[in-house]
Amino acid sequence: MVKEQKQQWNGFSLRPRKEMPEGLWTRCPGCEHMLYKKAVEKNLNVCPQCNHHFRIKAADRIRYLVDEGSFQEILTDLATNDPLGFKFRQTTYKQRLKADEKKSGSKEAMRIGKAFIKGRGTVLAVMEPNFLMGSMGAVVGEKFCAAVDKAMSKALPLVAVCCSGGARMHEGVVSLAQMAKTSAALAKLDEAGGLFISVLTDPTTGGVTASFAMLGDVNIAEPGALIGFAGPRTIAETIKVELPEGFQTAEFLLEHGFIDMIIHRRDMRSEIARIIDYCQK
Ligand SMILES: [Zn+2]
């Protein structure tokens, strides 16, 4: 008797999930090659075969970007107070926060602090994709604005590394308000003559794209990053046209003038240092 494989809804399609082997090996989502994890990690989490830039946690991002041991983090204990008492299906927002804190080692989806990049003093704001998909709630907004304030008061360039699923639905309108709040803070930085470099990584979407992520004096993306507001399917269904190939990729955005450059992860440090020097008065 043939056992029928039961198809289960996995959130995206009815196709069975491809099993990922745990441990030493990982499959590249770009070229489907099986890769030795340690070799990928040594290559800054970029596929040595096809250059696919893997999504990385904030701690790795900081390690790749700053001079060793120079990151001085602030506001590490800032945490949300669940303004709506939100619950989705059987999980409360508070339970989700606790689980993601354990997963990411961070109390929120953004880490901020001072650091040196190739000897240049900077204020850094790095998003954590392992914490509610780097979504922006009140704390992310508050931390970003604190980073802007710090950059202004110390006359340092601000570097943000964005990686986000957008505004955080668990905080409803409170999270949407962060779009205006972060944009207003950047307007003040701009008036004060400050420099803001925004690094867009895969994925940068929703309310984060529609606010601070795209407001850099220089907007840099990593190769292949998905950058957009609404998802392609939503757009296609709303405007009833077929979307062009490569829509919402970093390369498409560069070609259409939405970003300034695409930089490989291994060159990001040097490029940011170069921009800081170039923009210094
Ligand atoms: Zn690959």
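Helix α4 (138-154) packs against α5 (172-191). In this predicted model, local features need pLDDT of at least 70 and side-chain atom pairs count only at pLDDT 80 or more, while totals for chains, interfaces and linings use all residues. Residues are numbered from 1 along each chain, and side-chain values use heavy atoms, without hydrogens and water. Helices are DSSP runs of H or I with at least four residues, and strands are E runs of at least two, numbered from the N terminus.

Among the α4 residues that meet α5 are Phe 144, Cys 145 and Val 148. Their α5 partners include Thr 182, Ala 185 and Leu 186. Contact means heavy atoms within 4.5 Å. The residues of this contact divide into 10 nonpolar, 3 polar and 3 charged. Nonpolar covers Ala, Val, Leu, Ile, Met, Phe, Trp, Tyr, Cys and Pro; charged covers Asp, Glu, Lys and Arg; the others, Gly among them, are polar. The two axes, lines fitted to C-alpha atoms over the stretch in contact, come within 8 Å and cross at roughly 5 degrees. Therefore α4 is roughly parallel to α5, a term for angles under 35 degrees on a scale from 0 to 180 between N-to-C directions.

The largest nonpolar core holds 39 residues. Such a core joins buried Ala, Val, Leu, Ile, Met, Phe, Trp, Tyr and Cys residues through side-chain atoms within 4.5 Å. Buried means under 20% relative accessible area with a 1.4 Å probe, protein chains only. Helix α4 gives the largest share, 7 residues. Phe 144 is one of the members that touch the most others. Beyond four places in sequence, Phe 144 contacts Met 110, Leu 158 and Phe 212, among others.

Key. Buried means under 20% relative accessible area, exposed over 50%, partly exposed in between (1.4 Å probe, protein chains only). Angles under 35 degrees count as roughly parallel, over 145 as roughly antiparallel, 65 to 115 as roughly perpendicular and the rest as oblique.
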